Amino acid sequence: MQYLIIIKKQSVLFILSFCFLLLTTPSALANKQHYSLTRINKNITVDGVMNEAHWQDATRIALQYQDEPDEKGAPPVKTDAYIYEDGSNLYVAFVAHDPDPTHIRAALRDRDTLWQDDTVALVIDTFNDERSGYEFYVNPLGAQGDIRMTDTDGWQQDLSWNAIWDSAGKITEQGYVVEMRIPFKALRFAQNKEQLTWGFALMRNYQRDVLYQLSNVGFDRDIKCSLCQFDKLTGFEKIAASKNLQLTPTLTALRNDTKSQLPGDWENGNVNAEVGIDLRWGLSQDAVINATINPDFSQVETDSLTLDINTTYSIYYEEKRPFFLDGASYFKSSLFELLYTRTIAEPNLGAKLTGKTANHSYAVMFADDDNSNILLPTNQGSGFASLNENTKAAVARYQYDIGQQGTIGVSSTHREGDDYRNTVLSLDGSYWFNQSDTLSYQVASSDTRNSTFLVENYNLSQTQSDQAYAIKLTRDKRDYKLFAEYENIGADYRTDLGYQAKVDYEKVVLGGGQTWYRGENDLVTSWSYVADWDKTWAQNGDLLEQEYEGYLSFKGQKQSIFEIGLIHRYENYNTNFYNQNIGYIYSGFKPTKDLRLSLYVEYGSRIDYSNEQLGDAFDTQTQAVWDINNHWQVDVKHSYSQLDNPQGERVFTANLIDFRLYYKFNMRSMLKLIWQFEDIDRNENAYFYQVSQINKDYGSQLVYSYKINAQTLFYLGYSDKGSQDDSLKSIERDQRTLFTKVSYAWQL
């Protein structure tokens, strides 16, 4: 025991010494261009046609650099951008030339689904703090994508953020033209200043045999941050004050039919209709209050199924509910996920305040929840428990910006019920030694009082208190990267409003990689390798896992990527050790401009957690995305998994199909069909306990949607679910739902 503690301490000291020796080479920032933004007190018709004469008076900026695949290379095509403001809106237009417009890649898209298309984009750092910003993408037909991003430890994007803005695109004989109108009330920026300076980049993704990324900024790959290299845009004088008030009433109605036994007859449910209202009030341009009464927290689109066989940890699902998405980035800490809003299952009401003033960012949220989910973790697995009682949840975070890119933050989460509570306090931050080397850290403490229900049903102590620590050091250079991490998570550490799927461990990680770049016309445009080693102990000193992993990656023509990797893992499961050796390959490419194919294959030895033995596993994941034309699109995913025991017997075979078919009438109107099917065939003789041989789950959904913007929309749909086990002769549907939703956003 003492010997293991000495080894762990020496490992941590080695990480710190090794990494601090690396943090010695400063990087000079690229030269930034400064532009003066034109004010023109005239509106435009957003139609993708620049027929307004005053566009010629706008600030004109050429996209003169190729950033991918060549660093600071010459663009293969010409692109000019025009930008101006009128005191209430920011106007942007792109004239994207193309030598052969028939090769332009674009289709009618739902919002935030245009990433495989040719696109143009505006990225703006409205606080000019070089830490966070907004991204606005438009494809040649006018489809939108918007993102909230941060750049304190590399470029991190939050696609869930949605704004209300206008865009249009039109393909011409010379290429295509895009127009955008972005209301200032959709953005957050410094208040009470006569004149503002924003960091900005104008970008174009030119999708051909390779993906060309063009910009007005010649990015230096030796500099880790991107926002710190942006050009500057000065102007925005005396931007007109706005009430910045948005009211969104919502009407939802549904009827849910069920079967109490299978097979059996349907029990028709009642039609339930509810009216709710969301309020978004901008106290200023840098602070926003969100409130919701009787909210509609239903998810119109079903979660994607994931094969969860032979795993001991809970599945993570993305948040899709609008109230939780607005301002979500203000609650994020550096290394731990202290707020996972899917744990708030059935709230009656909610309110939050998020904002930023100078170097100070702040966020507060409250929710009243009738069905709270709690993640109960160990170092061997985790699962969710439902309290089935009313709880109150409160979250708060404050962050202060230090130096050029550094931050320090304090977070707190609290949830309580009649005889239950959980409180977490945390300190975190990041420090930039130079433009390539960064340090991130976080310390957290939790205190929990478990309810009688949790104590009796989940074998928990009445009280639990513990701490968690993490530190991460990285060096990101043009040709190589190095990283080191250390985590220490206490056995009784719980973040009941967050997501911490594993506790009771200490972990050390060391790794790095190298990249070689070739020309844009070469068969292989770049290749790299990454390797890492990690070791994990339980808090009592017992070894849990030691792993070595490495892979080679190649990028080339047809936007292809090919990876091959090996993993050696020595793992402790229920006091028994297992040597696992796994090999895998991944490949993806575009054989045509309208088709994307990908394949993942994995083979090796793996623990059979159900029977506590080492088996031979084979897994595949395939996907095909095909734009049949501008209106029709099909997206098909198939996952396959099989496991054999040491005697050569098949333990299980699992298949999962996720089929999605889309028909877009126009940019606002769409019909979507989702069909999901999971089939797990277990060998009853290969288990040490009774199992069902047949395990089938089925779900389908047909939805018509009409969206004017992210908040003004209409849905009409039908969904059903079914299953089969050994007691049934075929799949029996046991749930079916008819639903509709209407919401309208009034901006005042």
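Author: Rings of Phe, Tyr and Trp (its six-membered ring) pair if their centres lie within 6.5 Å; planes under 30 degrees apart count as stacked, over 60 as edge-to-face and the rest as tilted. This is a predicted model: local features need pLDDT of at least 70, side-chain atom pairs count only at pLDDT 80 or more, and totals for chains, interfaces and linings use all residues. Residues are numbered from 1 along each chain as its sequence is written, and side-chain values use heavy atoms, with hydrogens and water left out.

Reader: How many aromatic pairs does the structure hold?

Author: The count is 35.

Reader: Why is the pair of Trp 632 and Tyr 663 called tilted?

Author: Their centres are 4.7 Å apart, with 55° between the planes.

Reader: Why does Trp 632 count as partly exposed?

Author: Its relative accessibility is 36%. Buried means under 20% relative accessible area, exposed over 50%, partly exposed in between (1.4 Å probe, protein chains only). Trp 632 therefore falls in between. Tyr 663, at 23%, also counts as partly exposed.

Reader: How do you know that Cys 225 and Cys 228 form a disulfide?

Author: The S to S distance is 1.7 Å. A disulfide is a pair of cysteine sulfur atoms within 2.5 Å, so this pair qualifies. The structure holds one disulfide. With 80° about the S-S bond, the link is right-handed. Cys 225 and Cys 228 are both buried.

Reader: What makes Arg 148 a charge over the ring of Tyr 134?

Author: Arg 148 lies over the face of Tyr 134, at 4.5 Å from the ring centre. The cut-offs are NZ of Lys or CZ of Arg within 6 Å of the ring centre and within 35 degrees of the ring normal. Lys 356 sits over the ring of Phe 127, with its charged end 5.3 Å from the centre.

Reader: Why do E34 and E35 count as paired strands?

Author: They pair in the antiparallel sense over 14 bridges. Pairing needs at least two DSSP bridges, so they qualify.

Technical notes. Helices (H or I, at least four residues) and strands (E, at least two) are DSSP runs, numbered from the N terminus.
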